[in-house]
Amino acid sequence: MADHAEHPTGTRWIWNIFWLLLIVTAVEVGLGIVKPAFLMNKVAGTLLINHVFIILTLVKAYYIVMYYMHLKYERKNFIWTIALPALILIPYLTFIILVEGGYMGSITLQSIPGN
Amino acid sequence: MATQASVDQSNENVWGGGNRPLGASYGKLMMWYFLLSDALTFSGFLVAYGLYRFKFESLWPDPDAVFTHFPFVHGEYPLIYVALMTFILIMSSVTMVMAVNEGHKMNQKGVTVWMLATILGGAIFLGSQAWEWYHFIVGEHGAVRFEDGRMAKIADADGTVLSLHDIVHGSDTPHDHHEKFATDEVIAAFKADPSLQLLLPGKEREIINHKSALPLVENSYVVQGANMKENEYGHPLFANFFFFITGFHGFHVFTGVLLNFIIFVNIVKGTYQRRGHYEMVEKVGLYWHFVDLVWVFVFTFFYLV
């Protein structure tokens, strides 16, 4: 395969990323159980702790896709054909749908589920 | 493989059709584009979950109050069990990278061992998920659902959630998760003890005191566990999304285990050794890592946020 020459050799890099994923997950679980007070205020529509969770999740996703799925070692144009649609469509969908959900919440009579 | 040399020599002619402009085989490309479309599907589901969660914020259960079990341990331990499931899946991702790594070295024995470990990891994950679904369906505390569709758990004066068992039989007798309670006995027990209050499922933990709870409880009925129509945890859509999204992910894991097994049989038979490369292991590996990737997001949006 093209660019295989750049691949890290040996198994050390695999375990390095494993530890990274494990530590990030442990931090998430720790924060989720302890819920430190300074992260429990609302910033930009949701709790600060949720922003932290989302950023940590994206960090994990980056390492899984780039290293475990070897995307980093593919051709540049290949990487962009995968990354661009995901990076444009997913945040766009998330933005419009969640804004809509917030609005629906503000006008819905909360006491009648299912309607 | 063979393309490496020609790619380097005719770099300016990359789009001329003489070589592969994306520098990857057809199978690998198609696996990637399939995964891209699958990623969009899963984002659609998770975003839909977000939409209804925002819409019904006060009735949407706090995940900390839903997933609290751990095998062989009594008491409430939010997040620990899902963290274990996450660990299992990350671990099986590692063994998959190891298998791919051994494949590059054409080490048949190495690929066999690591692939088997990956299949085992997937199977353990599926088993853990079955266990979690089981407890989700059976339920823990039970709740009452009012005429207007809202629902609440019963709590003591401090706001600690009590199970239906606690208020009907008292909290000092052993707890049987499968006991079904009649609406009448629960209402009678609630009325008899003025220290009992109602707790709404949302993160704000709104409390309805005993006096204002009485007219609501009068026309309510008991909900235990979860199904597609209602669940004791909160808004009915919560369980629907839980079953659908974790179910769809579990279906992916199951398919992944199946594919891994087919590839495993071929590895053992020496098919890839004769072919001269283990690219099939890489392709199925891409799928397997994707399953792990989706779980990372499901973990965040179902259990953490």
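A residue is called partly exposed when its relative accessible area falls between the 20% under which it is buried and the 50% over which it is exposed. E218(B), with a relative accessible area of 41%, is therefore partly exposed. Do keep in mind that this is a predicted model.

E218(B) has a partner: it forms a salt bridge with K191(B), and the closest N and O atoms are 3.0 Å apart. Since E218(B) sits in helix α7 (residues 210–218) of chain B and K191(B) in helix α6 (residues 183–192) of chain B, the pair ties together parts that are 27 residues apart in sequence. K191(B) is partly exposed too, with a relative accessible area of 39%.

## A buried pair in chain A

Let us turn to chain A. Here the side chains of K60(A) and E28(A) meet in a salt bridge, 3.1 Å from N to O. K60(A) belongs to helix α2 (residues 48–68) of chain A and E28(A) to helix α1 (residues 12–34) of chain A, so this pair links parts 32 residues apart in sequence. K60(A) counts as buried because its relative accessibility is 0%, and E28(A) counts as buried at 0% as well. Over all chains, a search of the whole structure finds nine salt bridges.

## Where the chains meet

In the interface, 66 residues of chain B are in contact with 58 residues of chain A. About 5400 Å² is buried between the two chains, and carbon and sulfur atoms give 73% of that area.

The rule finds two salt bridges across this interface. In one of them, K28(B) and E74(A) meet through their side chains at 3.5 Å, N to O; E74(A), K28(B) and E282(B) are linked in a network of salt bridges. D64(B) and K35(A) also meet in a salt bridge, at 2.6 Å from N to O. That pair runs from the loop between α2 and α3 of chain B to the loop between α1 and β1 (42–43) of chain A. D64(B) is buried, with a relative accessible area of 15%, whereas K35(A) counts as partly exposed at 30%.

## Two helices of chain B

Helix α10 (residues 279–304) of chain B has 26 residues, which at 1.5 Å a residue should span 38 Å; the end C-alpha atoms are 36 Å apart, so the two agree. Of those 26 residues, 23 are buried.

Helix α4 (residues 108–138) of chain B has 31 residues and reaches 45 Å from its first C-alpha to its last, close to the 45 Å expected. After α4(B) comes G139(B), whose phi is positive, near 90°.

Notes: Residues numbered from 1 in each chain as written. Chains lettered and ligands numbered in written order. Predicted model: local features only at pLDDT ≥ 70, side-chain atom pairs only at ≥ 80, totals over all residues. Heavy atoms only, no water. Helix = DSSP H or I, 4+ residues; strand = E, 2+ residues; numbered from the N terminus. Expected span 1.5 Å × (residues − 1). Buried < 20%, exposed > 50% of the residue type's maximum accessible area, 1.4 Å probe, protein only. Contact = heavy atoms within 4.5 Å. Buried area = accessible area lost by both parts, 1.4 Å probe. Salt bridge = Lys/Arg side-chain N within 4 Å of Asp/Glu carboxyl O.
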